[in-house]
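Let's walk through this one together, question by question. Have the fold open while you read.

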Amino acid sequence: MKKNKLSYVYMKKCLNDPIFNLISSVADSRNMPAFVIGGYVRDFYLDRNSKDIDIVTLGSGIELAENVAEKLGNDVKVNVFKNFGTAMLRFGDLEIEFVGARKESYRMDSRKPIVENGTLEDDQKRRDFTINAMAFCLNKESFGQLSDPFNGISDLENKIIRTPLEPNTTFSDDPLRMMRAIRFANQLDFTIESSTFQAIKDNKDRLKIVSEERIIDEFNKILATSKPSVGIKLLSESGLLEEFFPELISLKGVDEKSGKMHKDNFYHTLEVLDNVCAQSDNLWLRWAALLHDIGKPRTKRFTDSTGWTFHGHDHLGAKMVSGIFRRLKLPMNEKMKYVEKLVQLHLRPIVLSQEVVTDSAVRRLLFDAGNEIDDLMMLCEADITSKNEKTVIKHLNNFKLVRKKLIEIEEKDAVRNFQPPVSGEQIMEFFNLKPCHQVGEIKNAIKDAILDGIIKNNYDEAFQFMLKKGEELGLNPRS
Ligand code: ATP
Ligand code: MG
């Protein structure tokens with residue numbers, strides 16, 4: 001942290017944006033104490049750019065928001081969430097949320113608190129971590145003054161995640177905070193203080209009162225970090241991962257038989273994930289990396305002659321994707337299909353690179369992967385994690401060859417977004433057929449002939465091939 005000297009000047013600099021002066025004068029004119037609190041204050045000290053601002057006031061947050069919006073002009077709309085007593089407005093690229101200071105108490109079966117009005121300190125006590133409980137005053141007489149009752153500044157300096165109150169209570173009250181602790185540790189590169197981490201372990205099964213949507217929202221933030229393995233290891237170590245993602249836990253462990261071992265697929269998966277993250281920000285490619293070997297535990301076999309095998313784990317893994325997405329409330333749309341496809345195909349380029357790279361195998365890969373070919377290649381390269389450097393170099397070199405071939409063949413044959421040059425309708429029309437299996441057979445034969453390089457990818461050659469195939473099937477052209 002660069003700004004460890006907490007001079008007044010720094011605090012004021014944080015509040016440089018004219019919006020804070022405006023909120024300040026509105027709050028003063030209404031005699032309402034007002035503060036910037038939470039993430040914005042934390043991110044200021046961490047030099048992180050933050051666009052969402054939380055304002056807490058002693059009184060009605062909704063009223064303050066409406067008064068501020070009035071001053072900002074007609075086109076600023078306030079979104080009021082009456083049930084929560086909060087109001088939000090957007091100004092430029094800022095998203096500003098207003099809330100009255102509150103005191104919270106919890107019931108066992110819900111993370112929704114019973115809320116009553118409270119002091120600033122009450123409000124700070126209900127915050128999840130000391131680094132998220134700091135506030136700057138906005139009222140003129142103490143503009144920029146930091147309120148930090150739990151010494152969040154020192155935790156920021158020492159890179160520590162710690163709850164303001166007793167951690168068991170904090171986590172049992174709202175178990176989502178356990179996910180947030182790990183997310184922040186991963187995102188900010190902080191350490192979770194030991195009694196706080198112990199409390200996560202002790203309260204892990206409280207996660208069941210948190211909705212899948214909230215859990216996965218935090219999990220996706222972990223996946224979006226530059227090194228998600230750190231967060232996922234913490235999730236595993238604390239026991240939280242088991243609660244919502246048992247399939248990943250099943251990847252753990254190494255078996256040995258007749259002196260033969262296989263690699264630990266959990267740690268291998270995390271390595272592949274980090275490798276992909278070094279190359280791409282695409283969240284769904286990251287999901288594909290996380291799930292690429294998810295079918296391994298259920299396909300694991302051992303024989304003396306072959307050792308450990310996971311035959312068909314690509315296929316089974318792809319089949320598991322939709323169930324996992326559904327349960328975790330991830331989108332059941334083209335994103336899911338994309339992950340399914342990459343899991344299904346993730347071995348293909350590797351197999352290819354181990355053999356003589358034939359044109360026809362490359363054409364088939366291009367055809368099957370379509371627009372996902374580049375992402376698939378990235379995933380496969382990331383999947384090469386052997387400890388033996390020579391093996392890695394050999395594989396990567398083979399990969400270069402496959403990539404070169406892919407470009408050559410795509411330029412020559414354009415099979416990436418292959419559309420059959422003779423359509424099913426044309427086949428039916430020509431042979432006077434109704435929709436039937438013979439139409440599919442001819443279509444497939446044409447496709448295979450093109451992919452195998454027997455004919456070129458154009459109408460004339462495909463048409464001639466169709467005639468030949470029709471003849472073989474005993475079909476006559478329409479007279
Ligand atoms: P980010 O915006 O990067 O997700 P943040 O800390 O700003 O991080 P928000 O969800 O925007 O997180 O919440 C704003 C503030 O509200 C937090 O800094 C914290 O003080 C408080 N907060 C949010 N969620 C919780 C929670 N589950 N329990 C207690 N306090 C919370
Ligand atoms: Mg925030």
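H10 and H15 pack with their axes 10 Å apart and at an angle of about 95°. Axes here are lines fitted to C-alpha atoms, for helices over the stretch in contact, with angles running from 0 to 180 degrees between N-to-C directions; helices (H or I, at least four residues) and strands (E, at least two) are DSSP runs numbered from the N terminus. This is a predicted model, where local features need pLDDT of at least 70, side-chain atom pairs count only at pLDDT 80 or more, and totals for chains, interfaces and linings use all residues. Residues are numbered from 1 along each chain as its sequence is written, chains are lettered from A and ligands numbered from 1 in the order in which they are written, and side-chain values use heavy atoms, with hydrogens and water left out.

Q: Are H10 and H15 roughly parallel or roughly perpendicular to each other?
A: Their axes pack at about 95°. Angles under 35 degrees count as roughly parallel, over 145 as roughly antiparallel, 65 to 115 as roughly perpendicular and the rest as oblique. H10 and H15 are therefore roughly perpendicular.

Q: How do the residues of the contact of H10 with H15 divide into nonpolar, polar and charged?
A: Ile216, Phe219, Asn220 and Leu223 in H10 meet Leu283, Arg286, Trp287 and Leu290 in H15, contact meaning heavy atoms within 4.5 Å. Ala, Val, Leu, Ile, Met, Phe, Trp, Tyr, Cys and Pro count as nonpolar, Asp, Glu, Lys and Arg as charged, and the others, Gly among them, as polar. That gives six nonpolar, one polar and one charged.

Q: How far apart are the end C-alpha atoms of H10?
A: The expected span of a helix is 1.5 Å times one less than its number of residues. For the 12 residues of H10 (residues 212-223) that should be 16 Å, which agrees with the end C-alpha separation of 16 Å.

Q: Which helices do the buried residues of H10 pack against?
A: Buried means under 20% relative accessible area, exposed over 50%, partly exposed in between (1.4 Å probe, protein chains only). In H10, the buried ones are Ile215, Ile216, Glu218, Phe219, Asn220, Ile222 and Leu223. They pack against H8 (176-188), H11 (228-238), H12 (240-244), H14 (265-279) and H15.

Q: Is Trp284 buried or exposed?
A: Trp284 sits in H15 (residues 283-291). Not counting residues up to four places away in sequence, it touches Phe325, Leu330, Pro331, Lys335, Tyr338 and Val339. At 14% relative accessibility, Trp284 counts as buried.

Q: How far apart in space are Trp284 and Tyr338, C-alpha to C-alpha?
A: Tyr338 is one of the residues that Trp284 touches. In sequence the two are 54 residues apart, but in space, C-alpha to C-alpha, they are separated by 7.6 Å.

Q: Which residues is Ser229 in contact with, leaving aside its neighbours within four places in sequence?
A: Ser229 is found in H11. With a relative accessible area of 4%, it is buried. Its contacts, those neighbours aside, are Leu270 and Asp274.

Q: Is Asn31 buried or exposed?
A: Asn31 has a positive phi of about 60° although it isn't a glycine. Look for it in the loop between H2 (18-29) and S1 (34-37). At 71% relative accessibility, Asn31 counts as exposed.
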